[in-house]
Amino acid sequence: MAINSINELWNQICEDCQKNEKISEVGMNAWILGLVPKLSDEGQLILQTNHDFVKKNIDTYYKKILEQSCEQVCGLPMQIEVVVKTEIFEEVKKIASEQEDAYTFENFVVGSSNKFAHAAAMAVADKPFSNIYNPLFIYGNSGVGKTHLMVAIKNSVELNFPDKKILFIRGEQFVNELVQAIRSQTTDIFRDRFRTVDVLLIDDIHFIAGKEQAQEEFFNTFNSLYPEKQIVVTSDRPPKEIKTLEERIRSRFESGILADMSPPDFETRVGILKNKSDQLNLNLNDDILFFIAEQIKSNIRQLEGIIKKLQAYTNLHSNNITLPLVQSYIRDIINEELPDPVTVEKIVEEVSRTYNVSVDDIFSKKKSADIAFARQISIYIVNKLIKMSSIEIGKKFGKDHTTILYTIDKINGILKENKFERSIVEDIIKNVNS
């Protein structure tokens, strides 16, 4: 068989795997088709990926199958090596590291609104295996500094305990990785990734609420780590207010330390502004700092954002920073920091994760009970959160407007009668809005 290029060879290997059902369609889509083939000087087939996790999965489950197909296509045995494409991977890690390096205890401004959370985080960072603050549950609205403390813990432990394994991840990523692992039948790799760490840090843990399999995996992960290993999580609300969080998980959180972070007071906001200005070598008079602190009251990211904008201005212009200029920038930064608009797709994705039904199935014409119910919940939430007519909603889901009206009325009745189902929908809405 004449093969004219490495890409042609790779395409034929993939076709052999699919045609002879050596690898499932899900496995092909999730792990194989995204690889980039190269040929080494020694005639070895190199498959490039951007992720260590993908490499480990392919080496464990698919490498021998690919080598067999390669021999089938070429007529000769050929070794395959899976490598991480370092020039891309390292650059991504570098950017992420630079962003995270900015989050330290030294540049965290302590005030009455965050004093206890800061002290608890410092205690964990100093003695992460003492089990005194374990688990640590930090909660508060978006933009109050929860992630800053989480990454500060990570950076401190990495510096002082270099031999320890630390994992920092967001709750949504935890759910997405689990879904991917289930679809590709690689849950053992997923579990090994989370259950072999010394310090587990999960930001926005509320994303697992209402998702049965995600809660099951987290519960078992918690039990495998606790009490020898340190666990820290954050949420936008305390455990008792995450209505669809399983009681066994809630009780474990409440058995540890709960640390509330509220919006910073005026003095703390001024301190944050001065701290960020010093970092960027930006000289602002107190009148301007006080004005900004009076206008932006709840979100630290907005405070830091306007300082960055003012620094960019000084780099481009020689003019002094004036109060009218600051007023115009505050209008811009507030508009930029508004949450992403709620869309039909965003709602369906959250319903998909919660009810373990694929997005494609929700939008399809399939009528099995689980898919139909997830579709109906999606329609109900779309109607509740987005200003769309029943006709417009119907076009999105392939239904006529009378079906949409019937569905909304039906789900409304179910939620009035079923407290648990109502709690699930309320949590979905909170996650979508956050």
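This is a predicted model: local features need pLDDT of at least 70, side-chain atom pairs count only at pLDDT 80 or more; totals for chains, interfaces and linings use all residues.

Biologist: Where is T186 found?

Modeller: T186 is in the loop between helix 8 (171-183) and helix 9 (187-195).

Biologist: And what is T186 in contact with, leaving aside its neighbours within four places in sequence?

Modeller: With those left out, T186 is in contact with W31, N57, Y61 and A181.

Biologist: Let me zoom out for a second. How many helices and strands does the chain have?

Modeller: There are 21 helices and eight strands. The C-alpha atoms fill a box of roughly 80 × 60 × 50 Å, taken along the principal axes.

Biologist: What share of the residues count as buried?

Modeller: That's 46% of the 434 residues of the chain. Also, if you take contacts between residues at least 6 apart in sequence, 72% of them join residues at least 24 apart.

Biologist: OK, K211 next. Is K211 buried or exposed?

Modeller: Buried, at 3% relative accessibility. K211 is in the loop between strand 6 and helix 10 (212-225).

Biologist: What does the side chain of K211 reach?

Modeller: The backbone oxygen of F207, at 2.7 Å. Not counting residues up to four places away in sequence, K211 touches V175, E350, R353, T354 and N431.

Biologist: I've seen N431 on another list, I think. Which residues of helix 21 are buried?

Modeller: N431 is one of them.

Biologist: What covers them?

Modeller: The cover includes helix 16 (344-355), helix 18 (369-385) and helix 20 (401-417).

Biologist: How far does helix 21 reach from its first C-alpha to its last?

Modeller: Helix 21 (residues 419-433) has 15 residues and reaches 21 Å, close to the 21 Å expected at 1.5 Å a residue.

Biologist: Which residue caps the N-terminal end of helix 21?

Modeller: N418 does, with a side-chain oxygen 3.1 Å from the backbone nitrogen of F420.

Biologist: You mentioned helix 20. Is K416 buried or exposed?

Modeller: K416, which is in helix 20, is exposed, with a relative accessible area of 63%. The C-alpha atoms of K416 and C74 are separated by 64 Å, and the two residues are 342 apart along the chain.

Biologist: What joins strand 5 to strand 6?

Modeller: Five bridges, and the two strands run parallel. As an example, R170 has D203 in strand 6 as its bridge partner.

Biologist: Now the rings. How many aromatic pairs does a search of the whole structure find?

Modeller: The search finds 13. One of them is F129 with F161, an edge-to-face pair with centres 5.9 Å apart and 85 degrees between the planes. F129 lies in the loop between helix 6 (115-126) and strand 4 (136-139), and F161 in the loop between helix 7 (146-160) and strand 5 (166-170), so the pair ties together parts that are 32 residues apart in sequence.

Biologist: How accessible are F129 and F161?

Modeller: F129 is partly exposed, with a relative accessible area of 30%. F161 is partly exposed too, at 22%.

Biologist: Why does the pair of F363 and F397 count as stacked?

Modeller: Their ring centres are 5.4 Å apart and their planes are at 25 degrees, so the pair is stacked. Planes under 30 degrees apart count as stacked. F363 sits in helix 17 (residues 359-363) and F397 in helix 19 (residues 390-397), 34 residues apart. F363 is partly exposed at 27%, whereas F397 is buried at 2%.

Biologist: Which residues do ring pairs link into a cluster?

Modeller: F137, Y139, F174, F190, F194, F218, F222, Y226 and F253.

Biologist: Last one: which charged ends sit over the rings of F194 and F219?

Modeller: Over F194 it's the charged end of R193, 5.3 Å from the ring centre. Over F219 it's the charged end of R248, 4.0 Å from the ring centre.

Conventions
Residues are numbered from 1 along each chain as its sequence is written. Side-chain values use heavy atoms; hydrogens and water are left out. Rings of Phe, Tyr and Trp (its six-membered ring) pair if their centres lie within 6.5 Å; planes under 30 degrees apart count as stacked, over 60 as edge-to-face and the rest as tilted. Helices (H or I, at least four residues) and strands (E, at least two) are DSSP runs, numbered from the N terminus. Buried means under 20% relative accessible area, exposed over 50%, partly exposed in between (1.4 Å probe, protein chains only). A charge sits over a ring if NZ of Lys or CZ of Arg is within 6 Å of the ring centre and within 35 degrees of the ring normal. The expected span of a helix is 1.5 Å times one less than its number of residues. Contact means heavy atoms within 4.5 Å. A polar contact is a pair of N or O atoms within 3.5 Å; within protein, one must be able to donate a hydrogen and the other to accept it, and residues adjacent in sequence count only if both atoms are side-chain atoms. Two strands pair if DSSP finds at least two bridges between them.
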